[in-house]
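Let's take a walk through this assembly together, starting with the places where its chains meet. Have the sequence and the model open as you read.

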Amino acid sequence: MTTAPLPPSRRRTMRLQEASLLEGPMLLLRSIRGFSSNRSITWLACVPFALFGLGVFNLSAHAADLPELTPGFLANNLWLLIAAVLVIFMNAGFAMVEAGMCRQKNAVNILAKNLFVFTLAVTAYWFIGFQIMYKADWVIPGVLKFGGLFFDPAVTAGMVTNGDLVPSVDFLFQAAFAGTAATIVSGLVAERIKFGEFVVFSLILTAFIYPIAGSWQWNGDGWLAEAGFIDFAGSTLVHSVGAWAGLVGAIALGPRIGKFVGGKAQALPGHNMAIATLGCLILWIGWYGFNAGSQLAMDAAVPYIAVTTTLAAAGGAIGATIISTLYSGKPDLTMIINGILAGLVSITAGCDGVAMWAAWLIGLIGGVIVVFSVAFIDGLQVDDPVGAFSVHGTCGIWGTLAVGLFNTDAGLLTGHGFSQLGVQALGCISYAVFIVVSCWIAWSVIGALFGGIRVTEAEEIEGLDIGEHGMEAYPDFASAGN
Amino acid sequence: MTTAPLPPSRRRTMRLQEASLLEGPMLLLRSIRGFSSNRSITWLACVPFALFGLGVFNLSAHAADLPELTPGFLANNLWLLIAAVLVIFMNAGFAMVEAGMCRQKNAVNILAKNLFVFTLAVTAYWFIGFQIMYKADWVIPGVLKFGGLFFDPAVTAGMVTNGDLVPSVDFLFQAAFAGTAATIVSGLVAERIKFGEFVVFSLILTAFIYPIAGSWQWNGDGWLAEAGFIDFAGSTLVHSVGAWAGLVGAIALGPRIGKFVGGKAQALPGHNMAIATLGCLILWIGWYGFNAGSQLAMDAAVPYIAVTTTLAAAGGAIGATIISTLYSGKPDLTMIINGILAGLVSITAGCDGVAMWAAWLIGLIGGVIVVFSVAFIDGLQVDDPVGAFSVHGTCGIWGTLAVGLFNTDAGLLTGHGFSQLGVQALGCISYAVFIVVSCWIAWSVIGALFGGIRVTEAEEIEGLDIGEHGMEAYPDFASAGN
Amino acid sequence: MTTAPLPPSRRRTMRLQEASLLEGPMLLLRSIRGFSSNRSITWLACVPFALFGLGVFNLSAHAADLPELTPGFLANNLWLLIAAVLVIFMNAGFAMVEAGMCRQKNAVNILAKNLFVFTLAVTAYWFIGFQIMYKADWVIPGVLKFGGLFFDPAVTAGMVTNGDLVPSVDFLFQAAFAGTAATIVSGLVAERIKFGEFVVFSLILTAFIYPIAGSWQWNGDGWLAEAGFIDFAGSTLVHSVGAWAGLVGAIALGPRIGKFVGGKAQALPGHNMAIATLGCLILWIGWYGFNAGSQLAMDAAVPYIAVTTTLAAAGGAIGATIISTLYSGKPDLTMIINGILAGLVSITAGCDGVAMWAAWLIGLIGGVIVVFSVAFIDGLQVDDPVGAFSVHGTCGIWGTLAVGLFNTDAGLLTGHGFSQLGVQALGCISYAVFIVVSCWIAWSVIGALFGGIRVTEAEEIEGLDIGEHGMEAYPDFASAGN
């Protein structure tokens with residue numbers, strides 16, 4: 001780094017990335033071998049990665065000299081980089097919301113899950129997920145891509161001339177999305193799942209299940225894209241996928257001790273509303289990257305998408321606050337938080353293609369729905385500690401269907417008939433079926449291999465922080481003893 | 001979203017936003033009708049919005065095909081979008097500072113206020129405030145605009161050619177400012193105001209009072225702009241407006257129980273210095289959007305404004321720390337926090353037009369002033385729980401006057417006579433009078449309609465979290481019992 | 001601020017920054033004089049600044065009319081401004097990590113240190129540090145620059161034509177780095193250092209020691225730059241410099257009471273894992289500014305640097321988690337946090353010039369190393385409360401050496417011989433020697449002048465929050481009494 005004017009070679013060319021003889025992977029392999037002898041056999045799941053790795057670490061990216069960078073190239077890549085940073089920041093938001101809405105005795109576990117899972121998601125998505133979702137050839141056309149690992153980060157002159165995204169920023173943005181899907185699962189299985197088993201599931205989800213699901217729509221020739229399904233930024237592809245994956249986990253786990261007494265749902269209040277609120281606001285700004293970044297370019301539509309996103313968040317808060325006040329007589333902060341998130345999830349599928357009033361209304365309805373959904377899920381005796389299925393699943397579906405109602409080019413309420421709404425429903429159902437089935441298999445295999453996915457009763461009562469991590473989140477504070 | 005190269009139609013044109021037959025508003029109306037029968041009659045305030053809505057939800061924005069996007073258009077709109085996100089992130093900063101500096105028993109209430117009020121501010125400003133502040137015709141020239149709702153998000157070829165901001169990003173940036181004004185009020189009325197009544201006041205402030213005040217200066221033909229008043233980013237227009245609005249509320253409410261005993265102010269320490277400090281640093285970075293974004297373009301002056309903003313924050317911290325150490329013998333963390341915020345508020349009016357040394361000095365003096373102002377407000381037996389009037393009001397005025405002293409083109413100390421200083425004083429006084437009068441009316445009417453704006457003594461002693469929201473912020477922690 | 005189209009004069013030209021007759025500095029001087037009579041004589045250190053100030057506040061920046069802003073100029077300056085904001089946000093990350101990993105009774109002190117020191121660092125670096133590091137002439141060629149204060153923010157037509165960074169954004173980015181170096185020290189000396197004495201050391205570090213060290217490498221004609229040393233974004237220049245400076249302080253202070261009992265290190269657990277995790281994620285996103293911003297331009301390499309940074313963070317978390325699980329049987333959240341930070345520090349020197357697999361591996365090894373380093377430092381009976389030397393020092397050195405192993409143009413493992421590795425080692429040693437010697441002198445002089453740098457035993461046991469600041473971080477919460 002220097003403040004002196006840089007020579008053109010430093011400023012305008014891509015650095016060379018060459019392969020080399022590798023000692024590193026051997027080291028890694030030894031670490032992992034040692035590790036697999038540990039009590040947590042679940043870590044064995046890392047071994048295939050290392051084995052694969054030995055063959056394919058030969059990545060290189062020789063960049064030719066590039067032409068003068070065009071305004072579009074600069075703006076598109078800068079915006080997507082910033083959008084990726086905003087989406088990555090959402091990890092902090094999810095961690096704070098989930099930890100804040102759970103009990104103190106499980107806070108370390110939740111924080112550790114959120115932090116560690118993102119690092120695994122990035123690794124798995126870099127290793128193979130990105131290829132499966134976008135880069136490999138179709139093995140089953142429109143349904144399954146496979147072949148190849150990692151990606152080639154080389155920047156070509158053509159990319160500069162066309163104003164294309166460089167492969168690195170494309171990867172980073174998509175990897176952040178993969179991490180989001182895994183994080184949503186975390187909320188549904190909170191306060192009772194074993195750490196190691198959750199880690200293995202996250203690897204499977206981000207390496208295989210999420211990328212396969214994503215490939216159907218976000219490739220121009222995926223089968224759902226060809227069917228005309230619209231999910232601009234992922235109400236279904238990210239949010240409901242994560243929610244279904246987590247729901248299967250929550251059902252497999254069963255409810256937390258004390259959640260249902262005599263068939264009635266009990267409140268197990270979250271331990272820290274300050275960080276939950278902070279997390280909500282971090283997620284809010286992160287969503288500008290999530291939604292407006294999904295334009296995959298800096299253009300005139302990007303700020304409009306930011307506005308629809310904002311209005312839906314506002315509508316969601318208002319809807320959830322009104323309904324929760326009607327029911328309980330008082331505005332519940334957790335419902336304001338979930339209302340905002342509900343509004344944001346609801347607008348995600350259609351944020352680029354609906355009118356502003358429709359965006360606000362989609363958010364408002366999302367905020368209303370989320371309150372009823374929480375009650376409905378409770379009624380099913382499924383334990384979703386932070387309302388993650390209601391926020392990401394129910395509202396993810398609502399947002400996807402809302403495209404069929406409000407999209408200005410294809411919506412029923414904008415005078416275009418039922419056809420788009422039907423395709424949207426087809427997409428929602430297809431994803432639900434695929435995710436439920438594949439995740440049921442994944443959770444079952446993990447449970448069978450590692451002796452169950454749930455912690456012991458004693459550990460759950462004491463708190464997972466001690467049992468899974470041997471530490472407390474707030475050791476200097478006296479507990480209220482509840 | 002796809003990583004394949006996008007067709008030009010997706011990348012370079014604005015999506016169509018059409019109107020439609022509306023079922024949504026009917027649904028909304030029904031919700032609100034049900035809601036108004038609830039104990040909190042204050043919600044009735046939402047009804048006019050819905051009624052208005054029925055007539056005007058017909059928003060559409062057909063965008064013509066746009067020419068090649070110019071470098072200026074791309075950079076200006078990208079920068080303002082990022083600036084808007086930074087200003088929106090300030091909501092997290094305000095929520096953390098205010099909650100952290102108040103007592104644990106009122107934390108949920110403060111968090112809920114900050115979160116919900118921003119969603120209302122965005123809605124109200126979108127509904128009518130933006131029109132009143134910038135877009136409508138003058139009804140009283142230079143003083144009052146009125147007519148029209150919402151805004152037209154259409155992007156024209158001329159905007160692209162001229163490098164103009166698109167309407168959406170302009171709105172989003174301005175809406176974030178409106179939210180800031182409302183949030184400042186929250187600090188002054190904390191720990192004793194009813195939630196519903198505060199919500200109604202916020203709607204009035206962001207829909208009408210703040211936009212009218214803003215229109216005087218931030219339109220080229222507002223009466224104060226024509227008088228030569230300078231308030232680049234809102235020391236007066238946002239910060240002192242919010243502070244005066246809150247001061248009237250604080251006086252109307254009276255002090256918290258236990259704040260003044262035998263005529264002497266008592267310390268009621270904040271409950272969480274970690275989140276208060278975090279909030280301060282979030283506000284700091286948010287201010288780069290607030291101040292440097294107010295250039296409303298990406299140009300050579302933007303980084304300079306970021307530097308003056310930084311130096312003023314540094315000066316403010318140093319000034320407040322020195323003075324508070326002189327007085328109490330020890331550097332008080334809340335004073336370091338308020339000193340930074342004081343420096344930031346103080347530079348806001350003049351950040352684009354003063355020398356670097358002047359920026360640091362303006363901040364330093366702001367940091368000194370804020371300490372004395374806190375003592376002065378206490379001496380008046382007005383209860384400002386987090387020092388919001390001192391930070392935003394006193395330093396807002398100081399920063400506005402400082403333009404008359406230090407502005408390189410017009411300041412007294414830069415050799416340009418008293419004229420600018422006089423205009424700055426005129427502006428400060430005009431805003432004070434308008435806000436105090438209009439807010440006094442607003443608070444009085446709200447109090448009269450809804451049976452007072454203050455919670456009961458019993459509720460205040462127990463804490464507003466239970467009384468207003470039926471929940472605790474930290475239920476798993478034992479209370480210190482103070 | 002106005003939404004009406006701005007006249008070209010406002011949009012396209014730099015504001016004039018003129019000097020003036022100064023009353024301000026006199027005021028400042030009087031404040032500081034009064035302050036120096038206070039118990040904390042340490043503040044006297046501010047006086048030379050004020051004296052210097054009287055002579056040199058004559059800063060002006062007349063900007064000529066600028067030509068049409070070029071795409072490169074717009075993109076480069078916008079990206080660096082955003083990168084600077086991200087790096088400044090790292091202050092929040094460091095504050096949360098350090099406070100969260102220390103005990104509740106010292107939280108206010110840690111928060112106050114982090115907050116206040118950044119404001120001093122900015123001031124000192126603006127006053128003289130930036131000149132010493134980059135702008136002044138060499139007094140000893142390649143080794144020491146001196147002469148001149150502040151910097152000239154004027155933007156010239158040539159800068160626009162060449163797409164150069166404007167001086168303001170260059171300063172802001174570099175000042176944020178200086179603040180980072182000072183903040184790292186804070187972690188090593190936590191929970192036992194006097195506030196005032198730490199403040200004085202920070203001034204010396206950011207005004208003189210760090211800038212001198214930096215000048216050797218980040219000027220094209222510094223002696224280490226000419227020797228071929230590579231430290232792209234500061235594994236050594238920022239991280240290990242801060243770590244060595246703090247290590248000397250930690251040794252001079254001695255360990256905290258109770259840290260070593262019978263020669264064995266005792267765990268003194270951090271009080272708030274929620275904010276520590278949040279801080280880690282804030283640092284993660286801040287690092288995109290730190291590393292990718294160090295390209296000092298927006299170009300095709302920037303997103304690639306963001307990818308290597310991300311992969312190293314992921315690798316670091318995985319490495320530290322595996323090793324800490326192997327050792328203790330359970331994944332320790334503080335080790336996941338430190339693993340991420342270790343990965344980030346490790347990739348900082350070489351983030352622009354290594355392959356992706358190498359980035360992940362460098363991070364992984366960093367994550368492994370950090371666990372052993374913590375044990376090693378404990379074994380030396382040096383008390384590093386948050387593991388700052390292990391993260392920033394050990395991994396800073398590792399990252400610097402890793403350039404000699406993995407850099408695609410010069411690394412041993414990429415087939416280029418030992419030469420680069422030797423230069424990297426030379427750089428690491430040179431910085432270690434210079435920082436240890438200069439900081440030993442600085443800490444000794446401060447200790448001698450002000451009666452020691454450590455708080456009393458009674459104060460340490462009670463907590464520095466009461467002793468140094470007269471307040472508690474969480475007064476409404478009951479203490480666990482440990």
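How many residue pairs are in polar contact between chain B and chain C, counting pairs with both residues at pLDDT 80 or more? The count is eight. Please keep in mind that this is a predicted model.

## Where chain B meets chain C

On the chain B side, 91 residues take part in the contact, and chain C brings 82 residues to it. Together the two chains bury about 7300 Å², with carbon and sulfur atoms giving 73% of that area. Three residues of chain B stand out here: B:A300, B:M356 and B:W357 supply 9% of the area that chain B buries against chain C, more than any other three residues. If you look for salt bridges between chain B and chain C, the count is zero.

Which helices build the side of chain B that touches chain C, each with at least two residues? They are α4 (71–101), α5 (107–135), α7 (167–188), α11 (273–292), α12 (301–328), α13 (333–348) and α14 (356–379) of chain B. Of these, α12(B) gives the most, with 16 residues. Sorted by class, this side of chain B holds 57 nonpolar, 24 polar and ten charged residues.

## Where chain A meets chain B

Now turn to the contact between chain A and chain B. Here 91 residues of chain A touch 82 residues of chain B. The area buried between chain A and chain B is about 7300 Å², and 73% of it lies on carbon and sulfur atoms. In chain A, the residues that lose the most area to chain B are A:A300, A:M356 and A:W357, which together make up 10% of what that side buries. There are zero salt bridges between chain A and chain B, while eight residue pairs are in polar contact across this interface, both residues being at pLDDT 80 or more.

Helices that each supply at least two residues to the side of chain A that touches chain B include α4 (71–101), α5 (107–135) and α7 (167–188) of chain A. The largest share of that side comes from α12(A), with 16 residues. Its make-up by class is 57 nonpolar, 24 polar and ten charged residues.

## How the copies are related

Chain A can be superposed on chain B by a rotation of 120 degrees with 0.0 Å of shift along the axis, giving an RMSD of 0.0 Å. The two copies are therefore related as by a three-fold rotation axis.

Why do the copies meet through different surfaces? Only 10% of the interface residues of chain A are also interface residues in chain B, so the surfaces that meet are different.

Is A:S324 buried or exposed? With a relative accessible area of 5%, A:S324 is buried. You will find A:S324 in helix α12 (residues 301–328) of chain A. Leaving aside neighbours within four places in sequence, A:S324 is in contact with A:G329, A:K330, A:P331, A:D332 and A:M335.

The second stop is C:N407, in the loop between α15 (388–406) and α16 (419–450) of chain C. C:N407 has a relative accessible area of 7%, and is buried. Beyond its neighbours within four places in sequence, C:N407 is in contact with C:I230, C:G353, C:V354, C:A402 and C:T414.

How values were computed: Residues numbered from 1 in each chain as written. Chains lettered and ligands numbered in written order. Predicted model: local features only at pLDDT ≥ 70, side-chain atom pairs only at ≥ 80, totals over all residues. Heavy atoms only, no water. Contact = heavy atoms within 4.5 Å. Buried area = accessible area lost by both parts, 1.4 Å probe. Salt bridge = Lys/Arg side-chain N within 4 Å of Asp/Glu carboxyl O. Polar contact = N/O pair within 3.5 Å; in protein donor to acceptor, adjacent residues only side chain to side chain. Helix = DSSP H or I, 4+ residues; strand = E, 2+ residues; numbered from the N terminus. Nonpolar A, V, L, I, M, F, W, Y, C, P; charged D, E, K, R; others polar. Least-squares fit on C-alpha atoms with pLDDT ≥ 70 in both. Buried < 20%, exposed > 50% of the residue type's maximum accessible area, 1.4 Å probe, protein only.
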